[in-house]
Amino acid sequence: MSTHKIKVKIQGVEREAEVESRLLLVHLLRESLSMTGTHIGCDTTHCGACTVLLDGQPVKSCTVLAVQADGREVMTVEGLEQEGKLHPIQDGFWQEHGLQCGFCTPGMMIASYALLQRNPDPSELEIRQAISGNLCRCTGYVNIVKAVQHAAAALRATKERSTAA
Amino acid sequence: MELKTTAAVCGMGHSMKRKEDPRFIRGQGHYVDDIKLPGMVHLDIVRSPYAHARIKAIHTEKALAIPGVLAVITGETLAQFNLHWMPTLMSDTQMVLPVEKVMYQAQEVAAVIATDRYVAADGVEAVEVEYEPLPVVVDPFKALEPGAPVLRTDKKDKKDNHIFHWEAGDRAGTDKAFAEAEVKVKQDIYIPRIHVASIETCGCVADFDRVMGHLTVYMTTQAPHAIRTVFALVAGHVGLSEEKIRIVSPDIGGGFGGKVPVYPGYVIAVAASVVLGKPVKWVEDRMENLQADSFARDYHMTAELAAKRDGTMTALRIKTLADHGYADAAANPSKFPAGLFSICTGSYDLPHAFTEVDAAYTNKPPGGIAYRCSFRVTEAVHAIERITDVLAQELKMDPAALRLKNFIQPEQFPYKSALGWEYDSGDYPAALALAMKMIDYDGLRREQAEKRQRGELMGIGISSFTEIVGAGPSKQFDILGIKMFDSAEIRIHPTGKAIARFGTKSQGQGHETTYAQIVAEELGIPAAHVQVEEGDTDTAPYGLGTYASRSTPTSGAACAVAARKIRAKAKKIAAYLLEASEEDLEWENGKFFVKGAPQKAKTIQEIAFAAYTNHPPGMEAGLEAVDYYDPPNLTFPFGSYICVVDIDSGTGAVKIRRFLAVDDCGNIINPMIVDGQIHGGLAMGMAPALMEEISYDESGNISGGSFMDYLVPTAMETPSWETAKTVTPSPHHPFGAKGVGESATVGAPPAIANAVVDALAHLGVRHIDIPITPEKVWTILHAKGVAQ
């Protein structure tokens, strides 16, 4: 099995690895780099537990080869918190009880993060569409929608404050 | 509910933010697949492409030649230790690995252990198995016909595929009531196989220490203590003694019943670790999870209801054929082969009832576990709530009016049902009345009439369910002889903080928060200061685990009782400190004070400190208690759900426009968490009602074996659930709670099915089996000539 040297920027920090051609991005993250926040829930790109950002776009890292991430930027759930401060997405999920077992949560939060990057004031339908590639078995989705709305409001408020200042 | 504690203490009734969430929202949860031990190797499994076949040969040479492949384990390997078969929880047997034949598609055939999970998968591809296909039995009715191939040839005297017959109630009295009935309805109702499909699949890391003979297994289990005992009983003859077995259930990514059984993969991983002397990780993939792990449901029911012409129900009769696959691997209490199906008289005052269940072997995966429900309660509720609507249709009565006419009345509790249960408490008319008012039932009926005039298809469905949870009283309930009590152990530290450990195991239910709130309520120690631990058999007190909505009824009760034992000792210490007699002390808000002199008081924190620094002469130091709670009865949560659907007459698609759930789970510990449990339960009720099914073709090939075709609802199909509560405390539970995790899964399917049938009732439709897919509805619309 041939191997490849790759460089991937993960949460802004460049990491190097020598990987087999067939190594999946999710296994690079979880096994080679011991970042286990990104989970694996299926083999068919349906459940979204493994969702990460690749150059800012949400992708399912169980269906991306590690070599495809060479020279690109990856952000995982571990990158949400900044300087000891929870991202509003994380806080929203906590405040609104948007998680139960926590297994789908990292992927859900990353998909929601990507939504709010492109649409700071999404409707309920837009939120539901944005997370429709992420399965949750525990919550019935209602509180996940509320969590994203909570985060969207917090992010808008922060932006307004910084604009006012 | 009136709050007795401040927000700072956060006892019962507070919507405390969950204590477990800080790790989950940072990606710092600790699930089985996150565990990496030094020297750990990986196990992957070779599975059968056939549903029934003789194994002629297994060739492992090519696999063993792959660099990194360490071993291939087959049934022959395990047979050397007599570990190739294992008992099921229902006293049946199932294979760990086969030596003679396979019994279902995707059955484990051999296991490859390698240094890396990719290499293990390579090894699986390289194992060559020669099969000789055998006749396949997939239909349980055909399985019981004379001349059907006998599947369990391993059982010497077995001449057919019949597993058990079970019955409850008064057959003769029920038959007489039917013979005399003014009105009778009868309906075949099938609930197909479904799978819990927790987003985390099953797996383990087995770590056998050859030097000390200790086995530690980190595994996805809802019942770690019971698993430890099962391992000791099954593998005692090869030296695994219970004191040397430690089961650790770390964070669990959803359980729903699917993580109660012992699957072959766990056992093979343990065997591999013992053989190799290395930690062995096995984590199944999604297809293995759906195709081989225990299924739920698969009940073929025929329900009959007898009534007077005015709608008064007089008798219920249900006959069921259960398809258990090739082994009865249900996870029921041992004395209940059909679980608690005899709750099928539901919320109605039925003078006569009789029910019987027969079970058959087929060439399908073994099982009969729950899918987020308490032992066949969903099947029972679906039967009674569907046949009630069939009766309403027969009588041309409004289904709400028929229910209100037949409800057990509040003053009849405790109520002895015709099938032998003593319902603890309930107010069924109140729950339905609240639901009807909140959703404007009469307005919806008017709207439906108008829409029908215009040819639009709209339906309203009701389900007024009664659950039976919290197993259970030791006189009736055990699993393999172990009584179904559960436990709590609370230790108060000198600074007034606490650690509390339990025999249950949360899989997302929020025990770290709710148990802490119970301690806070009982002792006045802030819930934030109570550390809750579960899942490690070396530290937690023995218990039967979390399933069947039993945690609050059993361990939650134990928590309150243990806390009260601590309070009793605290009172003695307070009396000593205050130089008062115990009789003169009163308890309020975390402190004892002298009656009439409230300034003379000692807080629980001061008392805790004294318990270690200044305890009364003659008294043991310390402040801790343990309780093994044996519930005096089960609990009976209930509710009334109303569902409104619109049907697209072009595609047959059913859209849930509104779904209102009025639940009564007794007193509530954390309203936020209770609502979350109901939301999730509703989604898992909608799933089998409209989408999920595992079926097999005549060769035993599975359909629904991956998320490509096993349709788990996304946020797009799932409606915005509406919830409300009535509160009828359980009279026998220490703080009046009943349990809530599964109510909605149980109550939702018939509400949805009844709504769809209601939308089509004017076309003569009386019943549709779940899942009610667009194709089924489209076919009906075409047959009735109303498709657009």
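Mentor: Two residues are in contact if their C-beta atoms, placed from the backbone, lie within 7 Å. This is a predicted model: local features need pLDDT of at least 70, side-chain atom pairs count only at pLDDT 80 or more, and totals for chains, interfaces and linings use all residues. Residues are numbered from 1 along each chain as its sequence is written, while chains are lettered from A and ligands numbered from 1 in the order in which they are written.

Trainee: What share of the contacts in chain B with a separation of 6 or more joins residues 24 or more positions apart?

Mentor: Chain B has 19 helices and 34 strands (DSSP runs numbered from the N terminus: H or I of at least four residues, E of at least two). Among its contacts with a separation of 6 or more, the share from residues 24 or more positions apart is 80%.

Trainee: What radius of gyration does chain B have?

Mentor: The C-alpha trace spans about 85 × 75 × 50 Å along the principal axes of chain B. The radius is taken over C-alpha atoms, and the globule rule is 2.2 Å times the number of residues to the power 0.38. For 788 residues a compact globule would come near 28 Å, which agrees with the value for chain B, 27 Å.

Trainee: How many residues of H17(B) are buried?

Mentor: Buried means 20 or more other C-beta atoms within 10 Å of a residue's own, exposed 12 or fewer, partly exposed in between, with C-beta atoms placed from the backbone. Across chain B, 60% of the 788 residues count as buried. Helix H17 of chain B covers residues 671–691. H17(B) is mostly covered; of its 21 residues, the buried ones number 18.

Trainee: Which element gives the largest share of the side of chain A that touches chain B?

Mentor: The contact takes 41 residues of chain A and 45 residues of chain B. Helices H2 (88–95), H3 (105–118), H4 (124–130) and H5 (142–164) of chain A each supply at least two residues of that side. The largest share, 4 residues, comes from H2(A).

Trainee: How many residues of the side of domain 1 of chain A that touches domain 2 of chain A are charged?

Mentor: An automatic or database assignment sets the domain bounds: domain 1 (3–79) and domain 2 (88–164) of chain A. Their contact takes 15 residues from domain 1 and 11 residues from domain 2. Ala, Val, Leu, Ile, Met, Phe, Trp, Tyr, Cys and Pro count as nonpolar, Asp, Glu, Lys and Arg as charged, and the others, Gly among them, as polar. The domain 1 side has 7 nonpolar and 8 polar residues, and its charged count is none.

Notes
Expected span 1.5 Å × (residues − 1).
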